[in-house]
Amino acid sequence: MSEDPALGDVLDLLSDEYARDILEATSTRPMSAQELADECEMSKPTVYRRVERLQAYGLLDEQTEIRTSNNHYSVYTATLSEFSVELDDGSFESSLTRTDGESFPGEAETDTADRFKRMWEDL
C-alpha cells in the first residue's frame, strides 16, 4: 500500500489479538507460518489469513528462505514500527511508521546477491 490505511481499518486490524500476536512475534525475528502457528498457538489457516491482512496494509513483509533440498518457504517480518493517533482541533490524525529493510539485532542485512551467494555455497 502506498498510502497509510484509514484509521478505522488499522484500529480494526490491531484489535485482532491474532494479528497483534503475529506482529509481536515477527518483530523480534523472521518467522515461518509454522513457527508462527506454534509460537502464537493458532492454526496455520488462521496464520495465513492474518498474514494476508497484515501484508495488505504493509505491516508485514514476506521473504523466501531458500533451502538446498528444494524446500523453499516464506518467512515474515513485521514492518510496523509505530502507530499513533492524535486528536487535534476536532479531528483524529493517525500515522504509521514502518521499518524499511531494518535488520534484526545480530543479523547482517542480506540483499538478493547475498542470498544467491549463500544458496550457491550451500549446493
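Author: Gladly! Let's start with a charged pair: Arg29 and Glu35 form a salt bridge, with their closest N and O atoms 3.5 Å apart. Please keep in mind that this is a predicted model.

Reader: What makes the pair of Arg29 and Glu35 a salt bridge?

Author: The cut-off is a side-chain nitrogen of Lys or Arg within 4 Å of a carboxyl oxygen of Asp or Glu. The closest N and O atoms of Arg29 and Glu35 are 3.5 Å apart, so the pair qualifies.

Reader: Why are Arg29 and Glu35 called partly exposed?

Author: Buried means under 20% relative accessible area and exposed means over 50%, with partly exposed in between. Arg29 has 37% relative accessibility, so it counts as partly exposed, and Glu35, at 32%, counts as partly exposed too.

Reader: How many salt bridges does the structure hold?

Author: The structure holds three. Another of them joins Asp12 and Arg53, whose closest N and O atoms are 3.3 Å apart. Asp12 lies in helix α1 and Arg53 in helix α4, so this pair ties together parts that are 41 residues apart in sequence. Asp12, at 46% relative accessibility, is partly exposed, and Arg53, at 31%, is partly exposed as well.

Reader: And what about Asp16 and Arg50: how far apart are their closest N and O atoms?

Author: They are 2.5 Å apart, and the two residues form a salt bridge. Asp16 sits in the loop between α1 and α2, Arg50 belongs to helix α4, and 34 residues separate them. Both Asp16 and Arg50 are buried.

Reader: How do you know that the buried residues of α2 lie on the same side of the helix?

Author: The buried residues are Ala19, Ile22, Leu23, Ala25 and Thr26. They cover an arc of only 165 degrees around the axis, which puts them on the same side of α2. The face turned away from that buried side carries the exposed residues Glu17 and Glu24. As background, an α-helix has 3.6 residues a turn, so residues three or four places apart point the same way.

Reader: Which residues touch the most other members of the largest nonpolar core?

Author: Leu36, Leu54 and Leu60 do, in a core of 22 residues. The elements giving two or more residues to this core are α1, α2, α3, α4 and β3. Setting aside neighbours within four places in sequence, Leu36 is in contact with several residues, including Ile22, Ala25, Val47, Val51 and Tyr76.

Reader: Which residues make the nonpolar surface patch?

Author: Leu11, Val85, Leu87 and Phe92 make it, and the patch is about 410 Å².

Reader: To finish, what does the whole chain look like in terms of helices and strands?

Author: The protein chain has five helices and five strands, running α-α-β-α-α-β-β-β-β-α from the N terminus. Of its 123 residues, 28% count as buried. The accessible surface comes to about 8200 Å², and carbon and sulfur atoms account for 44% of that. Among contacts with a separation of 6 or more, 49% are between residues 24 or more positions apart.

Key:
Residues numbered from 1 in each chain as written. Predicted model: local features only at pLDDT ≥ 70, side-chain atom pairs only at ≥ 80, totals over all residues. Heavy atoms only, no water. Core = buried A, V, L, I, M, F, W, Y, C linked by side-chain atoms within 4.5 Å. Buried < 20%, exposed > 50% of the residue type's maximum accessible area, 1.4 Å probe, protein only. Helix = DSSP H or I, 4+ residues; strand = E, 2+ residues; numbered from the N terminus. Contact = heavy atoms within 4.5 Å. Patch = residues over 30% accessible without salt bridge, like charges linked within 9 Å, V, L, I, M, F, W, Y side chains within 5 Å. Areas by Shrake-Rupley, 256 points an atom, 1.4 Å probe, with all protein chains shown as cover. Arc of directions from axis to C-beta.
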